[in-house]
Structure formats: C-alpha cells, structure tokens
Amino acid sequence: MTKEKQKEFVLLVAQKHNLTSKVIESLFMLVDENKHWRCKGINALELAFRRLATYSEVEQIEHIEKAIIGQYRGLVWKAKEQPKQIQQLSKTEQIHNLFRQ
C-alpha cells in the first residue's frame, strides 16, 4: 500500500477517535518511517487508536515516537501500575502469594 493511501486510513480512523492534529502528524511520520505501518488495515489501526485515545496527548506522542525510534510493528504501552501493597512485597513474597491463590 502506498504511504498516501495509508495516511488516508490513518486520518480517517484518527479523526474517529478524536486524536489531535499533533498526534495525527506524529502518526503520519510513523507511516513515513516504518514500513510495517504502511500495510496495517483499518481494523488494526482501529484497535491501536482506541487504546491510544485513553492516554493524554503527550503520552500518545511518546508512544508513537517510541514506535518510530524502535521500528516497532505496533505501539508499545506502559505497564499497568500494580497496587502499592504488591509493590512493597519482596519477589519471594510475591511468588508465595501467587501459589496461595
């Protein structure tokens, strides 16, 4: 698929998820720089942008920039934070708790 055609898909799906012009500009850069993003279909873009829309604009751009820099095939999400109680447990205690459940 050509870059221009893929950018049309990106724009269509991005507008559906109310992504800002700065984010769309970053997505266009991603399509230009990464050959894997040139062949993604509407469904793949829909799923990625739905999740991307749950982050702030700054975080959205960070995720896109990571994909550009790393030549990733998809966007990389931040790990969900664990509750503080679990974070304070040692690794051994966390493993014991897993087996207790």
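Guide: A salt bridge is a side-chain nitrogen of Lys or Arg within 4 Å of a carboxyl oxygen of Asp or Glu. The structure above is a predicted model.

Visitor: What makes the pair of glutamate 46 and arginine 50 a salt bridge?

Guide: The closest N and O atoms of glutamate 46 and arginine 50 are 3.9 Å apart. The cut-off is 4 Å, so the pair counts as a salt bridge. Glutamate 46 and arginine 50 are 4 residues apart in helix H3, which means a separation of about one helical turn.

Visitor: Why is glutamate 46 called buried?

Guide: Its relative accessibility is 13%. Buried means under 20%, so glutamate 46 falls in that class. Arginine 50, at 46%, is partly exposed, because that class runs between 20% and 50%.

Visitor: With which other residue does glutamate 46 form a salt bridge?

Guide: Glutamate 46 also pairs with lysine 16, with 3.4 Å between the closest N and O atoms.

Visitor: Why is lysine 16 called exposed?

Guide: Lysine 16 has a relative accessibility of 58%. Exposed means over 50%, so lysine 16 qualifies.

Visitor: How many salt bridges does the whole structure have?

Guide: A search of the whole structure finds 4. One of them joins the side chains of lysine 5 and glutamate 8, at 3.9 Å from N to O. These two residues are 3 apart in helix H1 (residues 3-16), so about one helical turn separates them.

Visitor: Are lysine 5 and glutamate 8 buried, partly exposed or exposed?

Guide: Lysine 5 has 37% relative accessibility and glutamate 8 has 48%. Both values lie between 20% and 50%, so both residues count as partly exposed.

Visitor: Why is H1 called oblique to H3?

Guide: The axes of H1 and H3 come within 10 Å and cross at roughly 40°. That makes H1 oblique to H3, because angles under 35 degrees count as roughly parallel and the roughly perpendicular range starts at 65. The crossing of H1 and H3 is right-handed.

Visitor: Which residues make the contact between H1 and H3?

Guide: On H1 they are Gln6, Phe9, Val10, Leu12, Val13, Ala14 and Lys16, and on H3 they are Ile42, Leu45, Glu46 and Phe49. By class, the contact has 8 nonpolar, 1 polar and 2 charged residues.

Methods. Residues are numbered from 1 along each chain as its sequence is written. This is a predicted model: local features need pLDDT of at least 70, side-chain atom pairs count only at pLDDT 80 or more; totals for chains, interfaces and linings use all residues. Side-chain values use heavy atoms; hydrogens and water are left out. Buried means under 20% relative accessible area, exposed over 50%, partly exposed in between (1.4 Å probe, protein chains only). Axes are lines fitted to C-alpha atoms, for helices over the stretch in contact, and angles run from 0 to 180 degrees between N-to-C directions. Angles under 35 degrees count as roughly parallel, over 145 as roughly antiparallel, 65 to 115 as roughly perpendicular and the rest as oblique. A crossing is left-handed if the near helix is turned anticlockwise from the far one by less than a right angle, and right-handed if clockwise. Contact means heavy atoms within 4.5 Å. Ala, Val, Leu, Ile, Met, Phe, Trp, Tyr, Cys and Pro count as nonpolar, Asp, Glu, Lys and Arg as charged, and the others, Gly among them, as polar.
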